[in-house]
There are 6 protein chains.
Amino acid sequence: MSNRRMMVVGAHSADFVWRAAGAVACHTAAGGEAVVVALSYGERGESGKLWEEPGQTEDNVKRIRHAEAEKAAGAVGARFEALDLGDYPLEPGKEAIDRLAEMMRGFAPNVVLTHPEKDPFNPDHPAAHAAVAKARLLTSGAGVASGFRTAPPSEFLVFEPHQPELCGFVPTVYVDISAVFEQKVEAMSAMQAQQYLQDYYRQRADQRGNHARKVTGDSGIRQAEAFHRLLPNVVGAL
Amino acid sequence: MSNRRMMVVGAHSADFVWRAAGAVACHTAAGGEAVVVALSYGERGESGKLWEEPGQTEDNVKRIRHAEAEKAAGAVGARFEALDLGDYPLEPGKEAIDRLAEMMRGFAPNVVLTHPEKDPFNPDHPAAHAAVAKARLLTSGAGVASGFRTAPPSEFLVFEPHQPELCGFVPTVYVDISAVFEQKVEAMSAMQAQQYLQDYYRQRADQRGNHARKVTGDSGIRQAEAFHRLLPNVVGAL
Amino acid sequence: MSNRRMMVVGAHSADFVWRAAGAVACHTAAGGEAVVVALSYGERGESGKLWEEPGQTEDNVKRIRHAEAEKAAGAVGARFEALDLGDYPLEPGKEAIDRLAEMMRGFAPNVVLTHPEKDPFNPDHPAAHAAVAKARLLTSGAGVASGFRTAPPSEFLVFEPHQPELCGFVPTVYVDISAVFEQKVEAMSAMQAQQYLQDYYRQRADQRGNHARKVTGDSGIRQAEAFHRLLPNVVGAL
Amino acid sequence: MSNRRMMVVGAHSADFVWRAAGAVACHTAAGGEAVVVALSYGERGESGKLWEEPGQTEDNVKRIRHAEAEKAAGAVGARFEALDLGDYPLEPGKEAIDRLAEMMRGFAPNVVLTHPEKDPFNPDHPAAHAAVAKARLLTSGAGVASGFRTAPPSEFLVFEPHQPELCGFVPTVYVDISAVFEQKVEAMSAMQAQQYLQDYYRQRADQRGNHARKVTGDSGIRQAEAFHRLLPNVVGAL
Amino acid sequence: MSNRRMMVVGAHSADFVWRAAGAVACHTAAGGEAVVVALSYGERGESGKLWEEPGQTEDNVKRIRHAEAEKAAGAVGARFEALDLGDYPLEPGKEAIDRLAEMMRGFAPNVVLTHPEKDPFNPDHPAAHAAVAKARLLTSGAGVASGFRTAPPSEFLVFEPHQPELCGFVPTVYVDISAVFEQKVEAMSAMQAQQYLQDYYRQRADQRGNHARKVTGDSGIRQAEAFHRLLPNVVGAL
Amino acid sequence: MSNRRMMVVGAHSADFVWRAAGAVACHTAAGGEAVVVALSYGERGESGKLWEEPGQTEDNVKRIRHAEAEKAAGAVGARFEALDLGDYPLEPGKEAIDRLAEMMRGFAPNVVLTHPEKDPFNPDHPAAHAAVAKARLLTSGAGVASGFRTAPPSEFLVFEPHQPELCGFVPTVYVDISAVFEQKVEAMSAMQAQQYLQDYYRQRADQRGNHARKVTGDSGIRQAEAFHRLLPNVVGAL
């Protein structure tokens, strides 16, 4: 049984579902612990269906989105935490970054997942990336004794954005999610406000599954998720 | 025990020693099988000390280089094969690439290592890369039934060149070679014609060990080798 | 009515169908003329289903592939021509490039489409790119009077490869193929040897349609194809 | 007649003249509407000649620069608006970005032009780019119903910087400004504070005209302007 | 005798020693003047050994680090100045950048050295780069008369980071530091808090010396330092 | 007086004039020796005006081009040599590369100039680059005793192509050619077959002069040429 800890940080509460829920499910299925952190609920910019209802309010949207994300996280065996920093624009300041770093020091994740550095279609995703990257470095320090509490450096990967080639995203890891795909489907179906994305991300899973089959020649792979690992992987053998 | 097969292809008979002997030793120590293929002996361009002897001939240089490479390969548990295609310039034609592809179809390696695509300091390294990349694709075909014999696609990585930043080399994998470092030292010391490189590559192993410690926070790592993985890694979990 | 001429050059006879048939159909629907050139039939490496039949021969595969490509081209209003240069490996020599250049001088295309420069999954696609790029330059010359026949320089774009991020492909043009999508489906269904690709490329068309909707906000777009324009677009106004 | 709307945003009041006045003139000549927004007057850093006068003040420089920019905008058929945020350094904060986004929501431009993301010679140009990119995304939202007012996503291009290769600028669009070049000359001549730039940008127009002739073989092109389109162009046919 | 002025700006007080002390010593040995500016003391994150002592305080660490840096600067003939802005995180605001620009206007350096723009292992190095790049541009203005005091534009290079390939660092200049290497050793030995780095950077000096020998064929070079020049070098002849 | 030796290799006999004649003149003015090598005469593709004459032949074009290049080389103090390998396409084979390497071994240049690696507008320029890069490496060997004659490694730079951003050309060196500009003008005027390029390259010299003034703040620079240095510059001090 794995005892690895994974932390997934999204700009909005639903981001982790579409892009990394399969990897979370693989992780927890292997015995690992996972926490999903949402910097905001995506309440203003990414809650399409909810804003079509007359008389909708931000507070109500947040409440619904919190419940949905909690349910989705549960479907893949993860805990959900929200920082409620606001969206469109998300602008994590010094205090928010410190809070995130404190969460990292406490949880001491082995692997951290978030958005890529660049996204010409979304103002909040790069803001989330920058906050996570900074908090992660403030967590580990320079690898020597420090004047502040530290936790060991984690692996650091970014998940797939909506239009990968335009975000500088190059897949370097495909996670085979065939065995846990139904869990990802369940997590996605919890996201009522963005139902239109479910087919889109089912297709992505098929597409990356196809890619992973091509890379390996392993015809048993059906669905996969793509990640870009930002720091070298340290291994005992190839 | 691993039953993985590794093939390392170098432009010259000594290339594998400096850059990948540690990874070979880790591989064979874990029970894997390894073959080292030399496209040439580096007889004209990379046999410094030998050419300082008066009356030296190409044939004699090749004989010595063959023996040295065989000994070095043995020190890390690998078999050595030479194609003797000539160096400075190395120019693998259609026939040589077919021969290499046939070796790959026979051996069916899980992982293939060679030089990076670009090297502004050496004319033979990019030629070797191109030949290996092409032979590898002619080996696996397109992943469907073909009009020729195939073997499954292998993982494909390049080892570290002399001046990495100028060759477009970006390390994405560090192999911890601490446990097998003495074997690498033994392999290096078999290379009499290039003794001046032994200190240089000891330092490289220390340097990449330092980098791998920084990445992981694992103070037990002493030496490492750096590789650039060219195709996504397909994994079951992060 | 447009009187523009489009030339699409693929390494294998079916390549144009999956990646550019929609753009061809839009072009001919607008009154333009289109010719599809296949450098090879993909007879050895990309004719999966056909090689599963016992007693299959290269000649028979070529015959079938020719008929399929002709039918597919017809479905999108294009003429089909084959150079039959052989595949896996495709290696267009001086004579083949001259022949292609002569075809370009005769047809004088306004726009040329082919594979990207790089593809780590296919040895023939980059070979095709290099041949087309060279033939195109030998066609137009340097824009001054020459010692050989010329045709005006064409627009030059590459179509989407199988794993775009790993081929350096960055979409700079999305063609809205919603109105002609049934023609593309018909062209794809003509390719009996690669039926397994039809669902895959239906999904790609949906995906790029989704991307194009996001770029424009135009909810009327259903399917699209992605292209990477290699030379600046010259326009009269933005 | 076009009914497209173009918004050009410059860090300093004269920036649009040198780099995009031709494209603005083509746009308005075709019947389109254009507005030029200046984030600052370039009063401290880019008003060379004016500061050579003894007793010069910032307020006076701003007044002169406003009049010049208004006249130049008029010469190419555009309206001029100034945000007067200060220069050297220009640092658009949350409020300024909101104001810009409100202008975009009101005007609903089809195309937005600004500086490239990077410029090692000017501290204000990248600041302007970042502000425009963010305001543009806050204008369009995520393409679904939102908790704030939106306008459809615009095309997004950057104009040519002073030393393009050092700014990551790669031309992907040349606009043929031959027919409106006299208007651009008139706009440039309105900029008394930077007269030394007029010859420089006449030469640029000739140079890009030469490039556009080479790309197309169209000898009728005399002057052009270069742009880098940041998001894919969605078209009905190639 | 040279009368050139060099300014080296580090995020932490010891940064200049490891990466640029040799170039500083060459500069002062040739008669030039050098000033080292430390934005912080690295008191929280980079003072390993000092924090192992029980009862250590930030103020005491700063005092020790100041003395060490002063001694190291002296060993290579430079003056040391500290801005004491705090580290982990270093966040130079408007005021700090103005202060740095004022120092640059007063000293009018011919060459400025600092960290690369990117460093996935250290949060303070990119912050230092951004501050220096901005201060440098606010110092020189746009090369015309300005509404503020200016100094001529300096050459601008970045020194080698810990893991160069992962920081986008590409060496474009090697400085031969063989003649002054003992001075660099002396400067390094002044840094008691980071003794573990001395062997590491001795090896780096050997490695870059090896690279510089390879580039030139000059066997007299023993140690070198690597730099990445960010702006073109203007010369009278090649 | 300098005793450095410069070799400039162009695909066509006139290439060196437009792009590097100023740097050659600076070099010879300082006492250095320079040789210009033309791989072809550009007789088929780049001799515009000559082919407008009725009854023109390749042999006659070559004769005229040889005389023009000799005259132009003389104007900047260089010797001219032609390999007459043919153009459009230029395809230097093994023998031609050996011949070029032999010339390099004999002349032992300190600096070599040629075309960039990539040019989407000209098929011969990249072919020339590849030949020169290979010949240069076969000249110097690996920096150890070899089985063939060697000469020391030279500095290696590429000159500016027609549309630099599209060729991956990034200027890293500007040579101030103000003092020798009349010699460059004289060399350009020797090229009767390409008179239309003279104004174009006068403007380029002004443009790069403007860029070099901006980089240095030195208002004395009037004209410059831009180069991209491919290998690190080894210097004694910054």
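Which residue forms a salt bridge with K134(B)? The partner is E91(C), with the closest N and O atoms 2.8 Å apart. A salt bridge here is a side-chain nitrogen of Lys or Arg within 4 Å of a carboxyl oxygen of Asp or Glu.

## Basis

This is a predicted model, in which local features need pLDDT of at least 70 and side-chain atom pairs count only at pLDDT 80 or more, while totals for chains, interfaces and linings use all residues. Residues are numbered from 1 along each chain as its sequence is written, chains are lettered from A and ligands numbered from 1 in the order in which they are written, and side-chain values use heavy atoms, with hydrogens and water left out.

## Chain B and chain C

Chain B contributes 14 residues and chain C 17 residues to their contact, where contact means heavy atoms within 4.5 Å. About 1,400 Å² is buried between the two chains, and carbon and sulfur atoms give 68% of that area. Buried area is the accessible area (1.4 Å probe) that two parts lose on being put together, summed over both.

The rule finds one salt bridge across this interface. Two residue pairs are in polar contact, both residues being at pLDDT 80 or more. A polar contact is a pair of N or O atoms within 3.5 Å; within protein, one must be able to donate a hydrogen and the other to accept it, and residues adjacent in sequence count only if both atoms are side-chain atoms. On the side of chain B that touches chain C, helix α5 (residues 124-140) of chain B gives the most, with four residues. Helices (H or I, at least four residues) and strands (E, at least two) are DSSP runs, numbered from the N terminus.

## Chain D and chain C

Here 30 residues of chain D meet 30 residues of chain C. The two chains bury about 2,500 Å² between them, 66% of it on carbon and sulfur atoms. Of the area that chain D buries against chain C, 31% comes from P232(D), V234(D) and L238(D), more than from any other three residues.

V175(C) has V235(D) as its bridge partner in β8(D).

## Chains without contact

No contact joins chain B and chain D, whose closest C-alpha atoms lie 18 Å apart. Chain C and chain E also have no contact, with their closest C-alpha atoms 18 Å apart.

Notes. Pairing = 2+ DSSP bridges.
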